[in-house]
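Biologist: Please take a close look at one part of this model and walk me through how it is put together, with the cut-offs behind each term.

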Amino acid sequence: MAMLQRRLLKRTLEEAKARFNFNCYPILSPRASFSTLPSSSATASDDVPPQLPPFDYQPKPYNGPSADEILAKRKKFLGPSLFYYYQKPLNIVEGKMQYLYDESGRRYLDAFAGIVTVSCGHCHPEILNAIVEQSKLLQHATTIYLHHAIADFAEALASKMPGNLKVVYFVNSGSEANELAMLMARLYTGSLGMISLRNAYHGGSSSTIGLTALNTWKYPIPEGEIHHVMNPDPFRGVFGSDATRYAKEVQDHIEYGTSGKVAGFIAETIQGVGGAVELAPGYLKQVYDIVRKAGGVCIADEVQTGFGRTGSHYWGFETQGVIPDIVTMAKGIGNGLPLGAVVTTPEIASVMAQKIQFNTFGGNPVCSAGGLAVLRVIDKEKRQAHCADVGSHLIGRLRSLQDKHDIIGDVRGRGLMVGVELVTDRKEKTPAKAETALLFEKMKELGVLLGKGGLHGNVFRIKPPMCFTKDDADFLVDALDYAMSKL
Amino acid sequence: MQRFIPVRRLLSEIKYSLRRQRRFLSQVAQSEVDNNDGFVPKMPSFDYSPPPYTGPSADEILSKRKEYLSPAMFTLYSKPLNIVDGRMQYLFDDKGRRYVDAFGGIATVCCGHCHPDVVEAIVNQTKRLQHSTILYLNHAIADFAEALANKLPGNLKVVFLTNSGTEANELAMMMARLYTGCHDIISLRNAYHGNAAGTMGATAQSNWKFNVIQSGVHHAVNPDPYRGVFGSDGEKYARDVQDLIQFGTSGNIAGFISEAIQGVGGIIELAPGYMPAVYSTIKKAGGLCIADEVQAGFARTGSHFWGFENHGVVPDIVTMAKGIGNGIPLGAVVTTPEIATVLTCRSYFNTFGGNPVCTAAGLAVLKVIEKEKLQENAFVVGTYLKERLTALKDKYDLIGDVRGRGLMLGVELVTDQELKTPAKLETLHVMDQLKETGVLVGKGGIYGNVFRITPPLCFTKEDADFLVDAMDYIMAKM
């Protein structure tokens, strides 16, 4: 009897809370309440969670191994270091545009895009077509023979670059791209010292581990003269958004920690793995100056921020008003194809001609055809403008959510590269690790797949395929609201 | 060639032309009589017509490459080939002309260009899910890892997936260093292992090494049966590794890495007895043995599935790429569960590694190799090809050495058989002429005087005959 009373009391309290929340909930746009009707009524009523926007697509029936079977095989044949998301990991078998499907055919909103990688959308028809058609003709021959795909793709990619950035090197991943960029910097300048930011992620190979500056990803191996400078982090950084004070740190590192000359500086304009941290405005301009005066080259890691994702600009570095000497790319460049690229000036490229440098798979016809299709789709479907539009709507709604829930310490980012940092104390900014983990699971149950980042794992990374709509954004925020309300 | 011909050579020439005439009678379609001397070799027939090519011309592509791609990007041939289509062991240029692909996109296309089973696997998976990362489950990576692990001996059961050979070797080197707590790695002179920071150190040919810091790698004397100072005495060479460790390191090292047959270095098979002796030395120094199977793996050597099996050893770590996916960007590292735990102390992640499409292709490749008995074919055709090439060596002084195993063969050209002076210009000339005749081979060795013959494993005896006849025809005219 007591238990029933307790349950009734709990339900009553929850209903009251829900109603209270609904009354306080600012309605930003009519869209929010009309286009996703079920979700606004969800906050009004009791336990009806928000609903996914409709989508006219039926996944194929899945007859393959179950999640448990796969997990068992992974544990046996793929090693203990291969981690995964969620207590009960998801068996994702199919994808279409901004949605993913599990083995039971359940649809999820993919708000992480395979780590900011599926830029145009899962199985986007145009890119699919390019890949399939080229795979039927020629998969691989290497650049020792000519083939038009690599040339056409290089030309198209170079045309997206400002300044004198027009020589393209194709590789197979972001790590390979950053490795190559480091090699170029050291060869070109004749110096050894590289500078990267604390909280950066630039790769998992032995050299790029040196540039990466998050202990979770750094194995105890020699790094070879790399300086990690203070992160110009507006939310957690000691100087807030004061770019000049952070830039002075770089100056000090060079003056005291090096011969006065460095090979180069590398940074993501919005740190990805580090938790969607946007560098303090004006930072790159000052640092690029300092580094160049020390004889170094400036490398922009666009592995996550490139290809229109930031909305306001095509490349992340453009948001800081600079032109780097070397740009590295991967992830979104091929919508999921194993592809990376380094673009630099003819001057810097010429030092690479001293010896032979060859990448067997790099620039293969299929990946080049896929990459070219991606560039065309981004332009044709005006993905960049779309990111700006949906992104600002998403960030707007998240900021409102921040007003509502104390647990949201910061909402940041640009376009469809957004971060939501959770804290247990707004003043201390204590990372809300456990809560983030809990909400992460809850969001999955509600049908939203987010990403997680930051050194303390307390930042939601929202970086969906760039075909993400405002309805998707609303659903995401409503789900987050729903989940947070139940914490 | 109006020259004094030594008796021995005359006899072998007679023997050879008798053999050739026998073959002419049994394979009537193979060649036609030239107006002048000898036969103009004719390509084996093939029932496939490529679709007409309407894309940019070779010149247009070349000028775009010059403008937008690396200035160091080279092509083979004085007049570079515009290759637009591939089917099994043949490639087609923009005019629809067919070539025998005796290089396999650098020992990469093992099942054959656009092999239907592999293409089907790729297309079907691409239409379903290209990429999601290993943060979520997907059966493709698990099934492939299982199938791959089952191909390896001993306790080599844990698979790491990367996107290239360089990435695989970099990971292997890092794992060896982490596992042992030591930094020194030994590789062989003339080796090629990759072009990133760590692998550039392991690579040991100056043309591939930039002037940047490459630390912690020691290069041992190459157990090269043809050019090495100890000939084929593997154990004598192995002593150099012992010396390197005793004098150049603390006595404990991270590991040893080698290719069973050096690819870029010119198809050099390590002297017999070398690997077992060295492996023993390395283990005594606490190091791990890494076998680079990027080129020699996946049935290419014919006698065994893996190159290292030819030497009777079991490594601690095996790296793979190239043939593993018939050309799709894929690499792998396989090791023991014990060594694999070393990465658990931090997080290692590879975004593209293990994606559904590449692993589906990898699984299809393993199935094709088994179903079509490609290992056996590599053995049979490879042995046959090597015999014919060896006979050609008897005929021409230009050929200094014929070596290799299965369908990983090398032909080294010299201007002087005793001094073994590399015949660099002649190699370029013959290579170009081979292309004109319709055969695409590769080039290797530090002097660029070795033909690398590493075709798709569906290569036939007829293809082999055509290749050798073409070479014969060209050399006869020199």
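Modeller: In this predicted model, strand β6(B) runs antiparallel to β14(B), and 5 bridges join the two; strands here are DSSP runs of E with at least two residues, helices are runs of H or I with at least four, both numbered from the N terminus, and two strands count as paired if DSSP finds at least two bridges between them. Within this pair, Val159(B) stands opposite Val334(B) of β14(B). Strands of a sheet pair through backbone hydrogen bonds, either parallel or antiparallel.

The pair belongs to an open sheet of 7 strands in chain B, with mixed pairing and the order β6-β14-β13-β12-β9-β7-β8. Because β6 and β8 (217–220) of chain B each have a single partner strand, they stand at the edges, and one side of each is left without a neighbour in the sheet. On average, neighbouring strands of this sheet are turned by 20 degrees against each other, direction ignored, where the axes are lines fitted to C-alpha atoms.

Helix α5 (residues 139–149) of chain B is mostly covered, with 8 of its 11 residues buried, that is, under 20% relative accessible area with a 1.4 Å probe and protein chains only (exposed is over 50%, partly exposed in between). Among the buried residues are Ile141(B), Phe144(B) and Leu148(B). The N-terminal end of α5(B) is capped by Asn138(B), which has a side-chain oxygen 3.0 Å from the backbone nitrogen of Ala140(B).

As to conventions, residues are numbered from 1 along each chain as its sequence is written, while chains are lettered from A and ligands numbered from 1 in the order in which they are written. Local features need pLDDT of at least 70 and side-chain atom pairs count only at pLDDT 80 or more, whereas totals for chains, interfaces and linings use all residues, and side-chain values use heavy atoms, with hydrogens and water left out; pLDDT is the predictor's confidence in each residue, from 0 to 100.

Definitions and conventions. Polar contact = N/O pair within 3.5 Å; in protein donor to acceptor, adjacent residues only side chain to side chain. Axes fitted to C-alpha atoms, helices over the stretch in contact; angles between N-to-C directions.
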